[in-house]
Amino acid sequence: MSISHQDHAYPEPAAHPNWSSRHHKPRPFTPAQQKQNRDALLRAQHTPRPRHTRNTTTKAAG
């Protein structure tokens, strides 16, 4: 059973203008931005995440 457009209570809103594909392509990253992104990626991949430990010794105020 398929639903036609007339089965909806309200019509579908128009797409946002930013969704159209007529706009220019985004500018490529500069070499400095590429290096900064590479450095951040490497740092994130090789830095161990801190473990979140629940502190059970403190009591909630109240």
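**Exercise 1.** Count the salt bridges in this protein and find the residues involved.

*Solution.* The count comes to 1 salt bridge, where the term asks for a side-chain nitrogen of Lys or Arg within 4 Å of a carboxyl oxygen of Asp or Glu. Next, look at the partners: the side chains of lysine 35 and aspartate 39 meet at 2.9 Å, N to O.

A word on the model before we go on. It is predicted, so local features need pLDDT of at least 70 and side-chain atom pairs count only at pLDDT 80 or more, while totals for chains, interfaces and linings use all residues. Residues are numbered from 1 along each chain as its sequence is written, and side-chain values use heavy atoms, leaving out hydrogens and water.

**Exercise 2.** Work out how lysine 35 and aspartate 39 are placed in helix H1.

*Solution.* Start with the helix, a DSSP run of H or I with at least four residues, numbered from the N terminus. H1 covers residues 31-46, and because lysine 35 and aspartate 39 lie 4 residues apart in it, about one helical turn separates them.

Key:
Helix = DSSP H or I, 4+ residues; strand = E, 2+ residues; numbered from the N terminus.
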